[in-house]
Amino acid sequence: MPSNRCSDTLSQSLNSVFEQNLDEWKKIYPGIREVEIPDKYFLYRQGDRDTDFFWIRKGIVKLSYLTKQGNELTLALLRQGDIIGRLQHDADELMAEESAQALGDVTCCCIGRRDFRQLIIDRPNLSLLVFESIYARQRRIEHKLRMILTQSVERRVVATLLDLAQLFSTRCTHGFSLEVFLTQQELADLVGASRSVVSTIMNDFRNRGLLDYTREQICINDSAFAGDFFDND
């Protein structure tokens, strides 16, 4: 499975580079601007053309894909330090293949496509970090899609919760408490399953002492999860 630790390191590195150089870059590229995105608002929607690049300075952004049948599949949850955007030469003519939506309040730096291209051309080290970050994210999404095709819903829920615990959690008495709260519908979209099935699985996990949850948080007993589901793989 693609490592979340690698992705975490890349996000931290990108965040450090942007924080250290942002004021200088704003003088060189006046199109760079900071924007506040309220909870549930979209940075862009699937089908939009000529979307900008975004550097997430604070908060969490959900990337999702809407199928022709009207079902939403959450592709990834992005956080501080991550970059969102498309680098293809013909990207101006292409429609966005996914939507980017704020989960909670989000602060981003919005960078026009031309400015961003020039920014990474002028700074090879930044360019390498950006490409590595986008590649690592693509690998995680591909792994997720393979998991949807080959794993049971129960195992997908477990793997998703453990991934979230690595990326968006703090220690608590159970193990980890997720800093991003997801409704059962949002978790179902992330897993690629129906809400009713995910709800049944989550209730079963709580009864077995594998996790606990309220409207405000999900607490994960990560050692129990790993022991129950992955020791014999």
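**Entry 1: E186**

I looked up E186 and found it buried, because its relative accessibility is 12% (buried means under 20% relative accessible area, exposed over 50%, partly exposed in between, with a 1.4 Å probe and protein chains only). This is a predicted model, so I kept in mind that local features need pLDDT of at least 70, side-chain atom pairs count only at pLDDT 80 or more, and totals for chains, interfaces and linings use all residues. Residues are numbered from 1 along each chain as its sequence is written, and side-chain values use heavy atoms, with hydrogens and water left out.

E186 sits in helix 5, residues 184–191 (helices, H or I with at least four residues, and strands, E with at least two, are DSSP runs numbered from the N terminus).

Next I asked what the side chain of E186 meets. A polar contact of 2.5 Å links it to the side chain of K40 (a polar contact is a pair of N or O atoms within 3.5 Å; within protein, one must be able to donate a hydrogen and the other to accept it, and residues adjacent in sequence count only if both atoms are side-chain atoms). A polar atom of the E186 side chain also lies 3.0 Å from the backbone nitrogen of T183. Setting aside neighbours within four places in sequence, I listed K40, T74, L103 and F181 as contacts of E186 (contact means heavy atoms within 4.5 Å).

**Entry 2: helix 4**

I then turned to helix 4, residues 153–167, and checked its length: its 15 residues should span 21 Å at 1.5 Å a residue, and its end C-alpha atoms are 21 Å apart, which agrees (the expected span is 1.5 Å times one less than the number of residues).

Why is helix 4 largely enclosed by the rest of the structure? I found that 11 of its 15 residues are buried. Among them are R156, D163 and L167.

**Entry 3: cysteines**

I searched for disulfides (a pair of cysteine sulfur atoms within 2.5 Å) and counted zero. The sulfur of C108 is too far for a bond, because the closest cysteine sulfur, in C109, is 8.0 Å away. For C110 the closest is in C108, at 8.3 Å, again too far for a bond. C108 is buried at 0% relative accessibility, and C110 is buried at 2%.

**Entry 4: the whole chain**

Finally, I stepped back. The protein chain has seven helices and 10 strands, and 47% of its 233 residues count as buried. Of its contacts with a separation of 6 or more, 72% join residues 24 or more positions apart.
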